[in-house]
Amino acid sequence: MTIASVWDFRTRARRRMPRFAFDYLDGGAGDESGIRRNIEAFDAIRLKPRMLVNIENRDLSATLFGRKWGLPFGTAPIGVGNLLWPRAEETIARAALAANIPYTISTPACTSLEDIRKIAGENAWFQLYVGRAEEMVQGLVSRAEEAGYDVMLVTVDVPTPPRRLRDIRNNFTMPFAWSPWVFWQLLIHPEWSIRTAIAGRPRFANMERYAPATTAQPLARYMSSQVTGRFDWAELKKLRDRWKGKLVPKGLLTAEDAQMAKEIGCDGVVVSNHGGRQLASLPSSIEMLPEIRAAVGPGFPLILDSGIRSGEHIVKAIASGADFVLIGRAMMYAVAGLGASGPKTAIDLLSAEMLNTMGQIGYTDIDSLKKNSPVLR
Ligand SMILES: Cc1cc2nc3c(=O)[nH]c(=O)nc-3n(C[C@H](O)[C@H](O)[C@H](O)COP(=O)(O)O)c2cc1C
């Protein structure tokens with residue numbers, strides 16, 4: 001089947017992935033109405049077209065954090081990415097470098113932040129989870145500094161573990177717990193299983209050195225015990241004072257919080273509801289974006305994620321006030337659906353969809369899209 005949209009990647013991914021891995025990727029909090037709302041909110045936006053504009057030369061490059069990127073999007077941090085598809089993290093990181101877009105490595109990734117920095121160079125961003133163990137937080141920040149990272153996203157929207165019903169029903173843990181059903185899933189998805197056996201079992205490459213135990217179940221318990229409700233503005237301010245590079249809280253949804261982040265000296269904000277994975281009843285990030293933009297003013301970098309499934313959605317995000325967006329599930333569907341060629345195919349597809357959308361509405365570059373905000377209100 002020829003890939004015509006991100007949904008085609010998802011169809012293929014679903015077929016090729018063990019069910020526990022697909023559900024971990026595809027699912028979300030509670031009844032998953034938050035995931036649906038994220039996508040529907042994008043679909044509901046209408047773009048006002050200008051005609052009789054010469055659109056033959058369109059340029060998708062974007063400026064953010066003082067440098068020019070090939071496209072106005074990067075990849076969102078995804079924990080245990082190599083569980084979704086073997087070597088997914090390094091595969092996406094390579095494609096991101098080739099397209100000159102950012103690749104964000106997650107704290108609970110399977111590839112070390114040092115290795116990702118070597119693969120993606122200055123296109124690598126680091127995402128920090130502030131866990132309970134101070135030694136781990138300080139260790140990760142120092143390592144990110146030493147490895148040469150300039151941009152650190154600090155995820156602030158996990159004050160307490162989420163209730164993801166698919167994962168609860170599947171008894172999903174990382175490292176995964178063996179059961180006859182898990183074994184069956186591995187048997188009926190031989191490509192995933194063989195490739196995983198060759199690549200090595202997915203592990204917490206950044207975090208496990210701080211854990212007191214290395215065997216599967218105690219390690220899984222230690223990792224989930226790291227979610228802490230103590231992380232607050234004072235702690236974020238301390239991180240601000242310590243980290244010399246760009247510091248960007250990820251997961252704010254209100255004008256008040258974005259304004260506060262700006263006041264304490266953050267370099268931007270990722271407006272996000274974690275892709276509907278934390279609480280089903282949160283508003284979508286795209287519906288909150290206009291008031292956040294109004295509060296922080298035009299010059300403050302706003303990056304948006306949650307619900308982006310097409311280049312048309314990316315154009316809508318930028319026209320609604322975002323400077324840049326992050327692609328979460330869509331990229332992982334691509335790599336799981338197509339393997340090594342997935343990330344480039346996804347980047348090319350999203351770019352082609354953006355070019356088409358911009359051409360249809362008469363815009364040739366990202367800045368004019370931002371300035372004119374052609375959204376029907
Ligand atoms: C499987 C999966 C794992 C994720 N892991 C992390 C993570 O480790 N850190 C983080 O900040 N966000 C994580 N996220 C959230 C994404 O960074 C991003 O906010 C979200 O996927 C955007 O929504 P979308 O999937 O609808 O594009 C994860 C999302 C998914 C789907």
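This is a predicted model: local features need pLDDT of at least 70, side-chain atom pairs count only at pLDDT 80 or more; totals for chains, interfaces and linings use all residues.
## Helix H1 against helix H16

Helix H1 spans residues 6-16, and helix H16 spans residues 329-338. Their axes come within 7 Å. They cross at roughly 55°, so H1 and H16 are oblique to each other. The crossing is left-handed.

H1 contributes Val6, Phe9, Arg10, Arg12, Ala13 and Arg16 to the contact. From H16 come Ala330, Tyr333, Ala334, Ala336, Gly337 and Leu338. By class, the residues of this contact are 8 nonpolar, 1 polar and 3 charged.

## Helix H6 against helix H7

Helix H6 (residues 113-120) packs on helix H7 (residues 134-147) at an angle of about 25°. The two axes lie 10 Å apart. An angle under 35 degrees counts as roughly parallel, and H6 is therefore roughly parallel to H7. H6 passes H7 in a right-handed crossing.

On the H6 side, the contact uses Leu113, Glu114 and Arg117. On the H7 side, it uses Leu140, Arg143, Ala144 and Ala147. The residues of the H6 contact with H7 divide into 4 nonpolar and 3 charged, with no polar residue.

Not counting residues up to four places away in sequence, Ile119 touches Glu90, Ala93, Arg94 and Leu97. Leu25 is 94 residues from Ile119 along the chain. The C-alpha atoms of Ile119 and Leu25 are separated by 24 Å.

Arg242 sits in helix H12, which covers residues 233-242. Arg242 has a relative accessible area of 26%, so this residue is partly exposed. Beyond residues up to four places away in sequence, Arg242 touches Gln138, Val141, Ser142 and Glu145. Gln138 and Arg242 are 104 residues apart along the chain. Their C-alpha atoms are separated by 9.9 Å.

## Gln185, a buried polar side chain

Gln185 is placed in helix H9, residues 180-188. Its relative accessibility is 7%. The cut-off for a buried residue is under 20%, so Gln185 counts as buried.

The Gln185 side chain reaches the backbone nitrogen of Arg19 at 2.8 Å. Neighbours within four places in sequence aside, Gln185 is in contact with Pro18, Arg19 and Phe20.

## Helix H15 and its ends

Helix H15 runs over residues 311-319. H15 is mostly covered, with 8 of its 9 residues buried. The buried set is Gly311, His313, Ile314, Val315, Lys316, Ala317, Ile318 and Ala319. The charged residue Lys316 is included in that buried set.

Ser310 caps the N-terminal end of H15. A side-chain oxygen of Ser310 lies 3.3 Å from the backbone nitrogen of Glu312. After H15 comes Gly321, with a positive phi near 125°.

Most residues other than glycine have a negative phi, and most peptide bonds are trans.

Pro175 lies in the loop between helix H8 (165-170) and H9.

Phe65 is placed in the loop between strand S1 (62-64) and strand S2 (67-69). Its relative accessibility is 13%, so Phe65 counts as buried. Asn100 is found in the loop between helix H5 (88-99) and strand S4 (103-105). With a relative accessible area of 26%, Asn100 is partly exposed.

Notes
Residues are numbered from 1 along each chain as its sequence is written. Side-chain values use heavy atoms; hydrogens and water are left out. Axes are lines fitted to C-alpha atoms, for helices over the stretch in contact, and angles run from 0 to 180 degrees between N-to-C directions. Helices (H or I, at least four residues) and strands (E, at least two) are DSSP runs, numbered from the N terminus. Angles under 35 degrees count as roughly parallel, over 145 as roughly antiparallel, 65 to 115 as roughly perpendicular and the rest as oblique. A crossing is left-handed if the near helix is turned anticlockwise from the far one by less than a right angle, and right-handed if clockwise. Contact means heavy atoms within 4.5 Å. Buried means under 20% relative accessible area, exposed over 50%, partly exposed in between (1.4 Å probe, protein chains only). A polar contact is a pair of N or O atoms within 3.5 Å; within protein, one must be able to donate a hydrogen and the other to accept it, and residues adjacent in sequence count only if both atoms are side-chain atoms.
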